[in-house]
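I am opening a notebook on a structure that is new to me, and I mean to write down what I look up as I go.

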Amino acid sequence: MLFQRFLDDRRGSVLPLLALAAIPLTGLIGASVDYSRAAAIQTSMQAAVDSTALAMAKNASSQNAQQLQASASAYFNALFTRTDAAPPTVSVS
C-alpha cells in the first residue's frame with residue numbers, strides 16, 4: 001500500500017533522475033578531459049617529430065648513423081617539452 005502510493009506520487013520525481021544522470025555525466029566529463037589532454041600531447045609530439053624529421057633530413061648525408069641518432073634525440077627532446085607525458089625513445093633509420 002505504501003509502496004504503491006510512493007510509485008503513484010509524481011511530486012519531486014526530478015531529483016532521483018538528476019542523481020542517476022550525474023553518474024554518467026561525471027564519467028563523460030572525465031573522459032572528455034582525458035581525451036583533450038591526449039589530443040594535445042599527440043599534436044605536440046607530432047609537431048616535434050615533423051620538425052625533427054625535416055632537420056635530420058637536411059643533415060643526413062653529412063653524418064653517420066650514431067651522430068644522426070644523437071642529434072635527432074637531442075633535437076626532439078629540445079622540442080618536446082611536455083611534462084605530463086613520458087618522453088618517447090627516438091629512433092632514426
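The entries below follow the order in which I looked things up.

Entry 1, the model. I noted before anything else that this is a predicted model, and I read every value below with that in mind.

Which residues of helix 2 are buried? I listed I41, A48, T52, A55 and M56, and I wrote beside them that these buried residues pack against helix 3, which runs over 65–79.

I looked up the packing of helix 2 and helix 3 and found an angle of about 145 degrees, with the axes 9 Å apart. The crossing in which helix 2 passes helix 3 is right-handed. On the side of helix 2 the contact is made by M45, A48, V49, S51, T52, A55, M56 and N59, while helix 3 contributes L68, S71, A72, Y75, F76 and L79.

Leaving aside residues up to four places away in sequence, T52 touches A72, Y75, F76 and L79. V49 is also found in helix 2, but with 38% relative accessibility V49 counts as partly exposed. I noted too that the C-alpha atoms of V49 and F76 are separated by 6.7 Å, although these residues are 27 apart along the chain.

Entry 6, the aromatic rings. How many aromatic pairs are there? The count comes to one aromatic pair. That pair is formed by F76 and F80, whose rings are 5.5 Å apart centre to centre with 20 degrees between the planes, and it is stacked. The pair counts as stacked because the angle between its planes is 20 degrees, under the limit of 30 degrees. Both partners are buried, F76 with a relative accessible area of 3% and F80 with one of 6%.

I finished with Q63, whose place is in the loop between helix 2 and helix 3. Q63 is partly exposed, with a relative accessible area of 25%, and it touches L68 and S71 when residues up to four places away in sequence are not counted. Between the C-alpha atoms of Q63 and P16, which are 47 residues apart along the chain, I wrote down a separation of 68 Å.

Definitions and conventions
Residues numbered from 1 in each chain as written. Predicted model: local features only at pLDDT ≥ 70, side-chain atom pairs only at ≥ 80, totals over all residues. Heavy atoms only, no water. Phe/Tyr/Trp six-rings, centres within 6.5 Å; stacked < 30°, edge-to-face > 60°. Buried < 20%, exposed > 50% of the residue type's maximum accessible area, 1.4 Å probe, protein only. Helix = DSSP H or I, 4+ residues; strand = E, 2+ residues; numbered from the N terminus. Contact = heavy atoms within 4.5 Å. Axes fitted to C-alpha atoms, helices over the stretch in contact; angles between N-to-C directions. Left-handed = near helix turned anticlockwise from the far one by under 90°.
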